[in-house]
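Reader: I would like to go through a model feature by feature. Please give the general idea each time, then the case at hand.

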Amino acid sequence: PMSQNWVKIYGTQAIHLVEIVRDLLESESIKTFVINKTDSMHTHLSNGEIELYVQTQQVMKAKHLIEKGLQ
C-alpha cells in the first residue's frame, strides 16, 4: 500500500515521457513509483494519466531534474 511518503511528481498520458522522466530520476538514484491510470480498471478514476511518484524527501531534487531534463 502507498503511504504518505510518496508524492506525485509528474503525470501525462504519454507512456514514453513517463519512461524518460523515470530513467532520468533513477539515474540520479531517485526511487520512482508509477501508477498507470490508462488501464481500463482505472479509467473511471481520472482522465487516464500515467502518474510518476517519488519519495517526499526527493521531491525538490526530482522537480529540479525534470525541469532541467525536459527543456
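Predicted model: local features only at pLDDT ≥ 70, side-chain atom pairs only at ≥ 80, totals over all residues.

Reader: What share of the residues counts as buried?

Author: Burial is read from relative accessible area, and a residue counts as buried under 20%. Of the 71 residues of the protein, 32% are in that class.

Reader: Now the helix pair. At what angle do the axes of helix 1 and helix 2 cross?

Author: The axes of helix 1 (residues 15-27) and helix 2 come within 10 Å, and the crossing angle is roughly 125°. Helix 1 is therefore oblique to helix 2, because angles of 65 to 115 degrees count as roughly perpendicular and those over 145 as roughly antiparallel. As for hand, the crossing of the two helices is right-handed.

Reader: Which residues of helix 1 and helix 2 meet?

Author: Helix 1 brings Val21, Leu24 and Leu25, and these meet Ala62, Leu65, Ile66 and Gly69 of helix 2. Sorted by class, the contact has six nonpolar residues, one polar residue and no charged residues.

Reader: Next, the largest nonpolar core. Which of its members touch the most other members?

Author: A nonpolar core is a set of buried residues joined through side-chain atoms within 4.5 Å. The largest one here has 13 residues, and Ile9, Tyr10, Leu25, Leu52 and Val54 touch the most other members. At least two residues of this core come from each of strand 1 (6-12), helix 1, strand 3 (50-55) and helix 2. Helix 2 gives the most, with four residues.

Reader: Take two of those members. What does leucine 52 touch?

Author: The list leaves out residues up to four places away in sequence. Leucine 52 touches Val7, Lys8, Ile9, Tyr10, Val18, Val21, Arg22, Leu25, Thr32, Phe33 and Val34.

Reader: And is valine 54 buried or exposed?

Author: Valine 54, in strand 3, has a relative accessible area of 0%, so this residue is buried. Beyond its neighbours up to four places away in sequence, valine 54 touches several residues, among them Asn5, Trp6, Val7, Ile9, Leu25, Ile30, Val59 and Ala62. Valine 54 and lysine 8 are 46 residues apart along the chain, with their C-alpha atoms separated by 6.6 Å.

Reader: How should I read a residue in the intermediate class of accessibility?

Author: Between the buried and exposed classes, a residue counts as partly exposed. Tryptophan 6 lies in strand 1 and is partly exposed, with a relative accessible area of 21%.

Reader: What about lysine 61?

Author: Lysine 61 lies in helix 2 (residues 59-69) and counts as partly exposed, at 38% relative accessibility. Its contacts, leaving aside neighbours within four places in sequence, are with Glu28 and Ile30. Lysine 61 and isoleucine 30 are 31 residues apart in sequence and 8.6 Å apart in space, C-alpha to C-alpha.

Reader: Last, the backbone. What is phi of serine 29?

Author: Phi of serine 29 is near 65°, a positive value in a residue other than glycine. Serine 29 lies in the loop between helix 1 and strand 2 (32-36).

Reader: Is serine 29 buried or exposed?

Author: The cut-off for exposed is over 50%. Serine 29 has 61% relative accessibility, so this residue counts as exposed.

How values were computed: Residues numbered from 1 in each chain as written. Heavy atoms only, no water. Buried < 20%, exposed > 50% of the residue type's maximum accessible area, 1.4 Å probe, protein only. Contact = heavy atoms within 4.5 Å. Axes fitted to C-alpha atoms, helices over the stretch in contact; angles between N-to-C directions. Parallel < 35°, antiparallel > 145°, perpendicular 65-115°, else oblique. Left-handed = near helix turned anticlockwise from the far one by under 90°. Nonpolar A, V, L, I, M, F, W, Y, C, P; charged D, E, K, R; others polar.
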